Amino acid sequence: MLWYIGKRLIQGLITVWFIATATFFAMHNVPGDPLLNERATTPTIRANLEAKYGLDQPVTTQYFIYLKNIVRGDFGISFAQENREVNDIIREHFPVSAILGVLAVIIAAVGGILWGSLTALYRNRLPDYLIMFLVILGISVPSFVIAAISQLGIVTLNNLAGTTVLPVAGWGTIYHMLVPALVLGLSTMAYLTRLMRSSMLEIVNSDFVRTAKSKGVPPARIFARHQLRNAVLPVITVLGPSIAAITTGGFVVEIVFAIPGLGRFFVEAVQQLDYTVIMGTTVFYGTFLVFMVILVDVIYGFIDPRVRMS
Amino acid sequence: MIENSTPIADRNDNFTRSAGKQLAVYALYAVVTLAVVVYLLAIAAGHTGSNGADMGINVANNSITIALREEPPQLDTGRSTDGASVIVLSHAFEGLIAYDEEAQLTPGVAERWEIRTDGATFWLREDARWSDGQPVTAHDFEFAWKRAIDPATASEYSFIFYSIKNAEAINTGQLPKETLGVRAVNDRLLEVEFEQATPYFDKLVAFVTYFPVREDFYERTDGRYGADADELLYNGPYMITEWVHSASMIWKKNPYYWNDKRGFLDEIRVAYITADTNAKLNLFKDGQIADTHLESPMLPSAMAAHWQIDRAMDGTVFFVVFNHRPGRVTDNLNLRKAMLYAQDPVELVNKALKDAAFLPAASLFPVWVGGVKEKFREEYAAPKHQMDLEKARHHLELAKQELGLAAIPPLVLLVDAQPVSQLAATYYQELYRQRLGLEIRIDSQIFKQRLAKMTAGDFDITVAGWAPDYDDALTYGEFFASWNLQNRGRYASADMDADVRIAQTSLDQKERMDAFGRIQQLVYDDVAMIPMYERGWSFVVDPRLKGFRRRSVGPEIDYNYAYIDVSSD
């Protein structure tokens, strides 16, 4: 197991290096640079800026300087927010995204597993139809629409109640995170519900469930031990990438609900061609994603005995 | 596949019931666990944000809550360039000269001043104080200006000092920064020496780059000046006491501020930072923020709610820029004239853009810019434009002859990815295809890529927006000077250059305005560009908040004169 983890970690490092290198050169090959602004700069001012940021060096030199700094964990200073270090940006804003993301993932996973099992239990009956209809909605309606509608819902609710039941936007308390997390986790929840449902239906007809039933195992135990536990495996598999996707994909929700998460920086840096922030967030998220995938593989080993043996 | 297999479980009601019960138990566990997790996460979230949200207007505390469009990227006055930072800095700092409620120049730190051909003198008031109680002195200005012009500071706006003696030479590294033509004679007397006559210098010093910085405080921040609330020293009506990046800010009344005609609120809370206008509208509806701006689709519901809707021009003029570089077909005057006569800005605004707050543009100079005594545009009427297809087609034929072409090749229209730019681009594309048979190829690029292509001259036509740096017609008038880097279409004309020189250096206001009048006409006759629209915003303010201003020059939103008045309710 240890050897296995070690091997996966080394693979992960190579992946991260590859991500960093590809991003670096792609970024430098895009027309334009972070120093361009609506207000044209004189050659003097431009030269001063280039010297300040080290952009007067050849790209390959910049690359090696960059790689050296990344290894030391220094991502440099943002071009767009000139007083802030990328490390500070990640340190201050990733926790926000992470808290929101973790909550969204938990809501999505718990909801997905529960709804999925419920639809499988009541297959082709009313709860099934109802939930599966909502699932289709959840998957197909884009998050910015859901975010905007739910925000309008909060305003209406507050107006009806005549007081602030839930905050419309902002960040900081328990009430601020509930709706955004739900919105953020909704499409994942819908996806997981469908996954759980089909997975359950497959298990229901499997030999070991039939055997358990004919042995006279109590239904609740069959459901919990034989069906649920086995059916949940595919859900766990996609959970890792889902965590990464949700934590990094909060851009829309963060903008709508005015949440100071890292997602904004991730997207806006590309538009601004903010080299250091692009590199910082991409490498950070890349590492995060790779780590999540490894983590899921390891967890898988604990849950599924067959994986452990091979 | 699964649906067709033999069902076993769902016929077995007994099994379903027991399993369902088990599921319900799990659901209960899940809800309890979730509640615990939410609680723990909320504790963690408390450390990453501020829960300082309050109602939009808090009468008891004499405070308001507002939303900002974006995090201010640079609060170091010497290096700041963007609108979001200017909003914050205009509340937290004061220059030698400031703007009053009606956007007219008014004494700031300087009590009085004198502008001559060779220089300027500022007499500073005695009671101007920093937020730590120490007096604001002439030395603070001298230090700030010398620092901003220093090549090591790499200030993007260092050019704004170029009218001061030796500034450009210092910025290019040819002279040491000590040689800059500014000198604090004593604590309350600042002498400035000009490189060339600068009649509008009083307007320049109202700009953020000219704001003071105190040397001893600056040195203490060790390169982090402006990075956080406590890394700045303020001399404006408000001071930033709390700043959670990208989340919130608190501006408190500066107890040492001298002027009792500005800064009436005890506290301004920036509780939200979001670019989403719908979110801001929702916050306003819920009474969480004091004002918000409205986009066209929001107007009907705003009117239905009987809100008092106001409009203000934000100062930006948009126009279609031609590429005048030799070898481009758009260098041909007759082609440009054909394109000018085939369109009408009124049609663009009313039929294509449909924003009630936009004004069809008629000139390089917006309607609100000042002239000799009145508004410039009242004294010097914009060239009368009439759409004339006959004339347009005639010029198109002439252009084809001159260029020796049977047909004009497709023209590349470079625009950014903003919805309004896309609307305008498709409008022009359709218009020129129908009316002149010209093919326009739209090249949509995001921000920096568009700028790269504009700067390199990789376009035939493009859209430019120009916002004023200072409150003088020159900020627009010098746009098409051949040496102006902003002139990315490289329009060049000796007449234009001569008139810009006059406007830059003449101390006679009439002579300057005459020059701008000629520039206005020349831009039209030469079709240096085609005017599109002057941008404005519709906005709504809580009726209890008075004195709130949206400005064309300086901060977009201005709370310096805002106060709460409940008597009208």
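Predicted model: local features only at pLDDT ≥ 70, side-chain atom pairs only at ≥ 80, totals over all residues.

Author: Residues are numbered from 1 along each chain as its sequence is written, chains are lettered from A and ligands numbered from 1 in the order in which they are written, and side-chain values use heavy atoms, with hydrogens and water left out.

Reader: Why is H6(A) called roughly parallel to H7(B)?

Author: The axes of helix H6 (residues 143-161) of chain A and helix H7 (residues 277-285) of chain B come within 10 Å and cross at roughly 5°. Angles under 35 degrees count as roughly parallel, over 145 as roughly antiparallel, 65 to 115 as roughly perpendicular and the rest as oblique. The crossing angle therefore makes H6(A) roughly parallel to H7(B). Such axes are lines fitted to C-alpha atoms, for helices over the stretch in contact, and angles run from 0 to 180 degrees between N-to-C directions. Helices (H or I, at least four residues) and strands (E, at least two) are DSSP runs, numbered from the N terminus.

Reader: Which residues of H6(A) and H7(B) meet?

Author: From H6(A), A:Gln151, A:Leu152, A:Val155 and A:Asn159 meet B:Asn278, B:Ala279, B:Asn282 and B:Lys285 of H7(B); contact means heavy atoms within 4.5 Å. The residues of this contact comprise three nonpolar, four polar and one charged. Here Ala, Val, Leu, Ile, Met, Phe, Trp, Tyr, Cys and Pro count as nonpolar, Asp, Glu, Lys and Arg as charged, and the others, Gly among them, as polar.

Reader: How do you know that the buried residues of H2(A) line one face of the helix?

Author: In helix H2 (residues 43-53) of chain A, the buried residues are A:Thr44, A:Ile45, A:Asn48, A:Leu49 and A:Tyr53. Viewed down the axis of H2(A), these fall within an arc of 160°, so they line one face; the arc is that of the directions from the helix axis to the C-beta atoms. They pack against helix H4 (167-171) of chain B.

Reader: What makes S1 and S9 of chain B edge strands?

Author: The five strands of an open sheet with mixed pairing follow the order S1-S2-S11-S10-S9 (chain B). Strand S1 (57-58) and strand S9 (238-244) each have a single partner strand, so one side of each is left without a neighbour in the sheet. Two strands pair if DSSP finds at least two bridges between them. Six bridges join S9(B) to strand S10 (residues 248-253) of chain B, in antiparallel fashion, and B:Val244 stands opposite B:Ser248 in S10(B).

Reader: Why is B:Leu204 called buried?

Author: Buried means under 20% relative accessible area, exposed over 50%, partly exposed in between (1.4 Å probe, protein chains only). B:Leu204 has a relative accessible area of 3%, and is therefore buried. B:Leu204 lies in helix H5 (residues 201-204) of chain B. Not counting residues up to four places away in sequence, B:Leu204 touches B:Ile160, B:Ser163, B:Thr198, B:Tyr210 and B:Tyr470.

Reader: What makes helix H2 of chain B largely enclosed by the rest of the structure?

Author: Nine of the 10 residues of helix H2 (residues 83-92) of chain B are buried, so the helix is largely enclosed. Among the buried residues are B:Val86, B:Ile87 and B:His91. The buried residues of H2(B) pack against strand S2 (63-68), S9, S10 and strand S21 (557-558) of chain B.
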